[in-house]
Amino acid sequence: MHTEKITFTGHDTFHCRSFWLKKGVDFLDDNGEFGAEEAVLKLGVGKNMVASIHFWLKAFGVKNEKGYVSELANSMFTKGGWDEFLENPGSLWIWQYHLVNLGRASIYQLFFKEFRKQQRRNQFTKTQLEQFLKRKSEGKVADKTLKNDIKVFIKMYLVEDKMGKGVEDDLSSMFIELNLISEVDASEKEITYQLRVDMKKEIPSPIFLYCILDSFPERESISMDEIIDEVGDALVCTNEGVERHVGKLCELYPQQVVFKEDAGRKEVQIDAGLDKWEELTKYYNG
């Protein structure tokens, strides 16, 4: 986990739309500056949305600490890139992994790595999440701020069933297709949400491998527990699911990925020659 301090807000209450990362990369490639007056014209959105797009580019690591477009975002979003319009389901899992592990928008890391493990049946309400975040931030963050963050968080994953109004708006939300959060039919006063924690069989093996290689650069031996913490949690995958994915990688890369169990310690040995960029390139061009 890479968080320094816990941060909420920055998104101006706008969830990330599916085309915003691409829009932001095009804007930066065109020497656009988010603080400049013409950003509103160039991006074709209001001032608050300009700030929000800028926030999400940083939260996803699309714009790195030095202010440049990251190698991954360049490869994916520039004209003729791997998946400019995020049509490949594997791409969404890559960005989910980065958003959670970067921790620049703290709620994602806190929710997927800590909060969900405390919930029975992977169900939760906004109030439960708010109380948890309040404890984590030691009461230093305003209630309204936390409520807004939770609202935006839910909107990233859930199509809210509103007739007519706002349907377009919600459908364009970045992570809807991951189908991670749904509303449970509850007659209670407050909506209960269900998080889908399962084997995540739909995640393509090369994407899972990319996440492992990205999390553990230059490591040739990685314990299964570490893979569960860094990759499995971010992808909302059960421990059995992680083991299944690793097993599949051992079949696909018999010389390069080897599973070992020694005195109860499960670990994965990875050939130093495996390169995350090469694997992604093959996946997208394959």
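T125 is buried, at a relative accessible area of 12% (buried means under 20% relative accessible area, exposed over 50% and partly exposed in between, with a 1.4 Å probe and protein chains only). The model is a predicted one, in which local features need pLDDT of at least 70 and side-chain atom pairs count only at pLDDT 80 or more, while totals for chains, interfaces and linings use all residues. Residues are numbered from 1 along each chain as its sequence is written, and side-chain values use heavy atoms, with hydrogens and water left out.

T125 sits in the loop between β1 (123–124) and α7 (126–136). Helices (H or I, at least four residues) and strands (E, at least two) are DSSP runs, numbered from the N terminus. Neighbours within four places in sequence set aside, T125 touches E190, I191 and T192. Contact here means heavy atoms within 4.5 Å.

For T9, phi is about 65 degrees. This threonine lies in the segment before α1 (20–29). T9 is partly exposed, with a relative accessible area of 36%. For N179, phi is near 55 degrees. N179 belongs to the loop between α9 (167–171) and β2 (181–184). Its relative accessibility of 47% makes N179 partly exposed.

Helix α10 (residues 205–215) packs against helix α13 (residues 276–285) at an angle of about 165 degrees, and their axes are 9 Å apart. α10 is therefore roughly antiparallel to α13. Axes are lines fitted to C-alpha atoms, for helices over the stretch in contact, and angles run from 0 to 180 degrees between N-to-C directions. Angles under 35 degrees count as roughly parallel, over 145 as roughly antiparallel, 65 to 115 as roughly perpendicular and the rest as oblique. The crossing of α10 past α13 is left-handed, that is, the near helix is turned anticlockwise from the far one by less than a right angle; clockwise would be right-handed. On the α10 side, the contact uses P206, I207, L209, Y210, L213 and D214; on the α13 side, K276, W277, E279, L280, Y283 and Y284. Nine of the contact residues are nonpolar, none is polar and three are charged. In this scheme Ala, Val, Leu, Ile, Met, Phe, Trp, Tyr, Cys and Pro are nonpolar, Asp, Glu, Lys and Arg are charged, and the others, Gly among them, are polar.

Within α13, the buried residues are K276, E279, L280 and Y284. Viewed down the axis of α13, they fall within an arc of 125 degrees, so they line one face of the helix. The arc is taken from the directions from the helix axis to the C-beta atoms. An α-helix has 3.6 residues a turn, so residues three or four places apart point the same way. Exposed K282 and N285 are carried on the face of α13 turned away from its buried side. Cover for the buried residues of α13 includes α4 (71–77), α5 (89–102) and α10.

α5 also meets helix α6 (residues 106–118). Their axes come within 7 Å and cross at roughly 100 degrees. The two helices are therefore roughly perpendicular. Q96, L99, V100, N101 and L102 of α5 contact Y108, Q109, F112 and K113 of α6. The contact has five nonpolar, three polar and one charged residues.

Helix α11 (residues 224–232) and helix α12 (residues 239–252) cross at roughly 105 degrees, their axes coming within 10 Å. That makes α11 roughly perpendicular to α12. M224, I227, I228 and G232 of α11 meet N239, V242, E243 and V246 of α12. By class, five of these residues are nonpolar, two polar and one charged.
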